[in-house]
Amino acid sequence: QVQLVESGGGLVQAGDSLRLSCAGSGGTFSSYIMGWFRQAPGKEREFVAAIRRSGSSTFYADSVKGRFTISRENAKKMVYLQMNSLKPEDTAVYYCAARSRSLGSVQVNYDYWGQGTQVTVSS
């Protein structure tokens, strides 16, 4: 069993930066692919970014490529999402997720989820 807690959300202006953190506990953190997802009001939850267990490979949704960076520190059981050049359309609740499956698309099949942290970008 893995528990995930997000933090770092808040209200920012368009063009600003924000860094989200996700603290993990339980299980072996380095055994999981970690991902970030977001859900805006009235919309489905969507994939944002993912990082392999070793941190050697990262993956991003087209909408955030070049602006967001996912990273992890396995010794600290932490995963981060650095968000730059934020846009109003980035406004959403951001969720941290963990996945035990090694194969297949990193956009799906996550096993554990945090409660989310709100990110609001004003125009």
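Which residues form one aromatic cluster? Phe 37, Phe 47, Tyr 110 and Trp 113 do. The structure is a predicted model, in which local features need pLDDT of at least 70 and side-chain atom pairs count only at pLDDT 80 or more, while totals for chains, interfaces and linings use all residues. Residues are numbered from 1 along each chain as its sequence is written, and side-chain values use heavy atoms, with hydrogens and water left out.

**Aromatic pairs**

Rings of Phe, Tyr and Trp (its six-membered ring) are paired if their centres lie within 6.5 Å, and planes under 30 degrees apart count as stacked, over 60 as edge-to-face and the rest as tilted.

| Pair | Centre to centre | Angle between planes | Type |
|---|---|---|---|
| Phe 37 and Phe 47 | 5.7 Å | 75° | edge-to-face |
| Phe 37 and Tyr 110 | 5.0 Å | 80° | edge-to-face |

Because Phe 37 lies in strand β4 and Phe 47 in strand β5, their pair ties together parts that are 10 residues apart in sequence; strands here are DSSP runs (E, at least two residues), numbered from the N terminus. The pair of Phe 37 with Tyr 110 links distant parts of the chain, 73 residues apart, with Tyr 110 in the loop between β9 and β10.

**The largest nonpolar core**

A nonpolar core is a set of buried Ala, Val, Leu, Ile, Met, Phe, Trp, Tyr and Cys residues joined through side-chain atoms within 4.5 Å. The largest one holds 36 residues, of which Met 34, Trp 36, Val 79, Leu 81, Met 83 and Tyr 94 touch the most other members. Among the elements that give two or more residues to this core are β3, β4, β8 and β11. Leaving aside neighbours within four places in sequence, Leu 81 is in contact (heavy atoms within 4.5 Å) with residues including Leu 20, Trp 36, Phe 68 and Tyr 94.

**Thr 117 in strand β11**

Thr 117 is found in strand β11, which covers residues 117–122, and counts as buried at 10% relative accessibility. A polar atom of the Thr 117 side chain lies 3.2 Å from the backbone nitrogen of Gly 9. With neighbours within four places in sequence again left out, the contacts of Thr 117 include Glu 6, Gly 9, Leu 20 and Tyr 94.

Technical notes:
Helix = DSSP H or I, 4+ residues; strand = E, 2+ residues; numbered from the N terminus. Buried < 20%, exposed > 50% of the residue type's maximum accessible area, 1.4 Å probe, protein only. Polar contact = N/O pair within 3.5 Å; in protein donor to acceptor, adjacent residues only side chain to side chain.
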